[in-house]
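This briefing guides a first reading of the structure shown below. Please keep the three-dimensional view at hand while working through the points.

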Amino acid sequence: MRTAYSVADVRAAERELMARLPEGALMRRAAAGLAVACGELLGKVYGARVVLLVGSGDNGGDALYAGAGLARRGAGVTAVLLSPGRAHPGGLAALRAAGGRVADEARPALERADLVVDGIVGIGGRGGLRPEADRLVRAAAATATVLAVDLPSGVDADTGEVPGDAVHADATVTFGAYKPGLLIDPARERAGALRLVDIGLRLPGEPAAEALQHADVAELLPRPAAESDKYRRGVVGVVAGSARYPGAAVLAVAGALRGGAGAVRYVGPAADAVLAHFPETLVHAGPPHRAGRVQSWVIGPGIGEEAEALDDVLAADVPVLVDADGLRFLTPERVRARTAGTLLTPHAGEAAALLGRDRAEIEAGRLRAVRELAAGYGATVLLKGSTTLVADATGPVRVNPTGTGWLATAGSGDVLSGLSGSLLAAGLPARDAASVGAYLHGLAARRAAGVRGAPVTASQVADHLGVAWRDVQD
């Protein structure tokens, strides 16, 4: 599990550790890890040209001490001081003693740099970069590799929001713990490759955010036992599709079947299309409560204005996943009245409608939006997008690490709904079903796209779910 902690928790852990260490030891420890990462990015340190963009805080001190280490190994290190009178005095003295220098003019140094180290603003920074800093950052990005210290300057460490101009790094070296903003877009896109340097922090038990890894997903995957039948494996009911959108039903059923369901019961007007693709599907004309026994329901993909079945499904005493068109007919009161679990799976536009906001506001503040939806509706919420987030009232927000831009294709959300619904039917709590579903969905898209990244369709994503399942277990 990759865990991310809030700025407040990291700061508290740093204070506790600094009280037990000699003065300045923690900064030098962080800087040593930073210098190693710089060396690895450069490949060859001796003779390399490194420019440090140095702000007034400890972030700038980390950069200066790391620069001193690189200078001692033969790099030509130049510091550009954005606040000359407020640069970290110990770090500045160490850099000069090692043979580094302070630039009189920034532009010539940046034009010759092999590596630029962003030490402008640390994790406590708020707001975007000031105009002067932004001009330097843009000049650096045009000619050199950019490495951010702890996080790209100008992004919000706690939320992943980017309130103004910010560094777009090729790599980020962060200290002690990941910060939520390094895992959540739009900030994540600016962080580049991540490297965590362990500096010995004792962090609290519960992080602010977490991202599952292969081993975590493998542990959660439901597996049939020798005595399993289709009901023990889980039967999922799917209410999807319409005369206009029969393909939505086919894709949702595909996700459910390839997500491990023991059986799928389909209710809706696209039965002929579903059976043509998946003859093992159990179809029924409806209403849903007469279709037979299920352990979960999926409702919404492609149903259009046909919302009569939603009341029926919401009244069921089994977990329910509501997606796409089904979300348009929800209210917080209807969801909160349920006794079984509810999983909502909106994209940014649907989340905006549920919250009465603009889509741009949701995309700029994804973490805030998913938490607000989960609290307001008393449900588990999977917010789809460039970083898919899962939130409920019980634990850290989960961030899916397997997403890919190739999933931005018609019908891929329908596949995810069926897949996550099958995991609900197998007995996974909504939080785990959503997280595992998103993880496998992303892996399947990556597999379908291949090494070079060819375009994929939602059907191809569904076809590769079995491969993704095996990947996780290998």
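Helix 14 (348-355), helix 15 (359-364), helix 17 and helix 18 (430-449) each give at least two residues to the lining of the second largest pocket. The model examined here is a predicted one.

- Helix 17 provides the largest share of the lining of the second largest pocket, namely four residues.
- The volume of the second largest pocket is about 610 Å³.
- The second largest pocket is lined by 29 residues, and the closest to its centre are Lys384, Gly385, Leu407, Ala408 and Ser412.
- Sorted by class, this lining of the second largest pocket holds 15 polar, seven nonpolar and seven charged residues.

**The largest pocket**

- The largest pocket has a volume of about 880 Å³.
- A total of 41 residues line the largest pocket, and those closest to its centre are Gly57, Asn59, Ile120, Val121 and Gly122.
- Helix 1 (7-18), helix 2 (25-42), helix 3 (58-72) and helix 6 (131-143) are the elements that contribute two or more residues to the lining of the largest pocket.
- The lining of the largest pocket comprises 17 nonpolar, 13 polar and 11 charged residues.

**The cavity**

- The count of cavities of 30 Å³ or more comes to one.
- The space in the largest cavity is about 50 Å³.
- Residues that line the largest cavity include Leu212, Thr388, Arg398, Asn400, Ala434 and Tyr439.
- Strand 18 (397-399) and helix 18 are the elements that give two or more residues to the lining of the largest cavity.
- Helix 18 supplies the largest share of the lining of the largest cavity, with four residues.
- By class, seven nonpolar, three polar and one charged residues make up the lining of the largest cavity.

**The open sheet and the helices packed on it**

- An open sheet with mixed pairing is formed by 11 strands, in the order 1-9-18-17-16-15-14-13-10-11-12.
- Strand 1 (2-4) and strand 12 (282-284) are the edge strands, each pairing on one side only.
- From one strand to the next, the twist averages 20°.
- Within the pairing of strand 15 (residues 342-344) with strand 16 (residues 380-383), the sense is parallel and there are two bridges.
- Leu343 has Thr380 in strand 16 as its bridge partner.
- Helix 10 (residues 246-258) packs on the sheet and touches strand 10 (235-239) and strand 11 (263-267). The direction of helix 10 makes about 160° with that of strand 11.
- Helix 17 (residues 412-425) also packs on the sheet, where it touches strand 10, strand 13 (296-299), strand 14 (320-322), strand 15 and strand 16. The direction of helix 17 makes about 165° with that of strand 13.

- Why is strand 7 (residues 171-175) largely enclosed by the rest of the structure? Five of its five residues are buried, and therefore the strand is largely enclosed.
- Ala171, Val173 and Phe175 point one way from strand 7, whereas Thr172 and Thr174 point the other way, and all are buried.
- Strand 6 (residues 145-149) runs parallel to strand 7 and is joined to it by three bridges. Val149 stands opposite Val173 of strand 7.
- Strand 8 (residues 193-197) also runs parallel to strand 7, with five bridges joining the two. The bridge partner of Ala171 in strand 8 is Ala193.

Conventions: Residues numbered from 1 in each chain as written. Predicted model: local features only at pLDDT ≥ 70, side-chain atom pairs only at ≥ 80, totals over all residues. Heavy atoms only, no water. Pairing = 2+ DSSP bridges. Axes fitted to C-alpha atoms, helices over the stretch in contact; angles between N-to-C directions. Contact = heavy atoms within 4.5 Å. 1 Å grid on protein atoms, 1.4 Å probe; cavity = no way out; pocket = protein on both sides within 12 Å on 5 of 7 lines; lining within 4 Å. Points joined across faces, edges and corners; volume = space filled by probe spheres on them. Nonpolar A, V, L, I, M, F, W, Y, C, P; charged D, E, K, R; others polar. Buried < 20%, exposed > 50% of the residue type's maximum accessible area, 1.4 Å probe, protein only.
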